[in-house]
Amino acid sequence: MTDQAAAVQETPPRAITSVDEARDVIRMLDETITALVEVIEEEDRLVRAGKLSEVARLSPTKTGYARRYLSGSLRLRDSLPRLRGELGGELPAVKARHAAFQDRLQSNLTALATAHAVSEGIVRGVAGELTRTASPQTYGASGRTPMPDSRHVRPLAVSRTL
């Protein structure tokens, strides 16, 4: 990690000093949530279509929105004790939007984890089949097929640019 990146991570978010600033942060969070949901939906669509290289191109955009969301959320959370009375009526709506976004995000993470597990299973299956077909098809002294010898293992190359 670079020194600049470490300094950015260690810098606490700037405190919200007024109700108007809190409302601006809430508005920014709403806009960020909307943008993030659009990116997540596009990502889900591309994963279902098997267009993984296009999914990778969304990563910088998704990361930028996620950082913005996290920064705004932390600022709001840290300032709530002081501003709770003045923002009282707005907080339930903010919490509801946050909860709905968290549910949508969990759905996205589940879909990505499933796609990862499926693709990993396919690669392991192909590698296992290559090893099996490269090994002599004989029986050992126990009457079972012996474990593949490392001399017969073929390397598997995967192109990430497809």
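Which residue takes a positive phi just after α2? Gly50 does, with a phi of about 75 degrees. The model described here is predicted.

The protein chain holds 4 helices and 0 strands. Along the sequence, the pattern reads α-α-α-α. Of the 162 residues, 23% count as buried. The accessible surface of the chain comes to about 11,500 Å². Carbon and sulfur atoms account for 57% of that surface. Among contacts with a separation of 6 or more, 69% join residues 24 or more positions apart.

Helix α2 covers residues 19–49. Is Glu21 buried or exposed? Its relative accessible area is 15%, under the 20% cut-off, so Glu21 counts as buried. Beyond its neighbours within four places in sequence, Glu21 contacts Arg14, Ala15, Ile16 and Arg75.

The interior was examined next. In soluble globular proteins, nonpolar side chains tend to be buried together. Here, the largest nonpolar core has 19 residues. Within this core, Leu76, Leu87 and Phe101 have the most contacts. Two or more residues come from each of α2, α3 (52–87) and α4 (91–134). Helix α2 gives the most, with 10 residues. Phe101 illustrates the packing. Setting aside neighbours within four places in sequence, Phe101 touches Ile33, Leu36, Val37, Ile40 and Tyr69. Another core, of 5 residues, lies apart from the largest one. Its members include Val39, Leu46, Val47 and Val55.

Val118 sits in helix α4. Its relative accessibility is 48%, which is between the 20% and 50% cut-offs, so Val118 counts as partly exposed.

The structure holds 10 salt bridges. One of them joins Glu90 and Arg23, at 2.6 Å from N to O. This pair links distant parts of the chain. Glu90 lies in the loop between α3 and α4, whereas Arg23 lies in helix α2, 67 residues apart. Glu90 is partly exposed, with a relative accessible area of 26%. Arg23 is partly exposed too, at 30%.

A salt bridge also joins Arg97 and Asp30, at 2.5 Å from N to O. Why does this pair tie together parts that are 67 residues apart in sequence? The reason is that Arg97 lies in helix α4 and Asp30 in helix α2. Arg97 is partly exposed, at 32% relative accessibility. Asp30 is also partly exposed, with a relative accessible area of 25%.

An α-helix has 3.6 residues a turn, so residues three or four places apart point the same way. Arg124 has a relative accessible area of 58%, over the 50% cut-off, and is therefore exposed. Glu120 is partly exposed, at 34% relative accessibility.

Notes. Residues numbered from 1 in each chain as written. Predicted model: local features only at pLDDT ≥ 70, side-chain atom pairs only at ≥ 80, totals over all residues. Heavy atoms only, no water. Buried < 20%, exposed > 50% of the residue type's maximum accessible area, 1.4 Å probe, protein only. Contact = heavy atoms within 4.5 Å. Areas by Shrake-Rupley, 256 points an atom, 1.4 Å probe, with all protein chains shown as cover. Core = buried A, V, L, I, M, F, W, Y, C linked by side-chain atoms within 4.5 Å. Salt bridge = Lys/Arg side-chain N within 4 Å of Asp/Glu carboxyl O.
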